[in-house]
Amino acid sequence: MERDEWLNRRLHGDGVVELQLGHAPENQLTQDFLRDFTLQIKELSVDPDVKSILLSSPFKDFSTGVAPDASAVGADLNAAFLALYACPKPVVIASVGLCSGAGMFFVLASDVRVAHARAGFEMTEVQLGSEYPIALMEIARASLDSNTQRRLMLTGQRLGPIAARNAQIIEVIADDLEDLHGYALKEARKLAALPAEAFARIKFELRAGTINRIEDLLDATLSQDQTTPRMAG
């Protein structure tokens, strides 16, 4: 699939914009894809005609995380998921198939989460010997209770939709794909009808502590990198 088809917008009326993630075949995360996603979210965040955002995928799995051949994507993961988490517009996700690794943060950074009955959720970094970039760790810390952190992040367990709903990772389960999109679109329309300024203000106040902490940690890391002397080659 061509790069300009990675992220497609569909207008549903009433200010609802669907952003379909189309990086075939599994929405694996690469530097270019993450940067394009960040740009799209920032554009939608400031567009006065956008009242809510629906994230969807046409593939069997929503996102299976960072591509195996991707390198040095930590900064782009931070930028993409901080932009999504801080988006002032309501964000609904229609999660199909597997959300794995960093792909889980499309779910955790959204406001309303709808999932297919065969969806799966896992955070496999511990199994891969990887660590979480700053923004992802703080979003997980803010979004998951301690037992769910343990199950997902320390053991890499995969949760089905019922267990994920019990852990408050998702709210709505759809039995088929048609219902999945329909339920998610219904939720996006309900959120689009809310007073936009009040929603944005309350959402920011709820997430400000986490957002500020992420920004402070990123600034501190950048300052440290800039002051660390380089070894002569």
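Which side chain meets that of arginine 35 in a salt bridge? Aspartate 76 does, at 2.7 Å from N to O. A salt bridge here is a side-chain nitrogen of Lys or Arg within 4 Å of a carboxyl oxygen of Asp or Glu, and the structure holds 11 of them. This is a predicted model, in which local features need pLDDT of at least 70 and side-chain atom pairs count only at pLDDT 80 or more, while totals for chains, interfaces and linings use all residues. Residues are numbered from 1 along each chain as its sequence is written, and side-chain values use heavy atoms, with hydrogens and water left out.

**Helix 1**

- Helices (H or I, at least four residues) and strands (E, at least two) are DSSP runs, numbered from the N terminus.
- Buried means under 20% relative accessible area, exposed means over 50%, and partly exposed lies in between (1.4 Å probe, protein chains only).
- The buried residues of helix 1 include Phe33, Leu34, Phe37, Ile41 and Leu44.
- An α-helix has 3.6 residues a turn, so residues three or four places apart point the same way.
- Among the elements that cover the buried residues of helix 1 are strand 1 (7-11), strand 2 (16-21), strand 3 (52-56), helix 2 (74-85) and helix 3 (105-108).

- Aspartate 76 counts as buried because its relative accessibility is 8%.
- Arginine 35, at 45%, counts as partly exposed.

**Other salt bridges**

- Arginine 189 and aspartate 14 meet through their side chains at 3.1 Å, N to O.
- That pair joins helix 8 (residues 177-192), which holds arginine 189, to the loop between strand 1 and strand 2, which holds aspartate 14; the two residues are 175 residues apart.
- Arginine 189 is partly exposed at 31% relative accessibility, whereas aspartate 14 is exposed at 60%.
- Glutamate 138 and arginine 213 meet at 3.0 Å, N to O.
- Glutamate 138 is buried, with 6% relative accessible area, and arginine 213 is partly exposed, with 42%.
- Asp111, Lys203 and Arg207 are joined in a network of salt bridges.

Note on methods:
Contact means heavy atoms within 4.5 Å.
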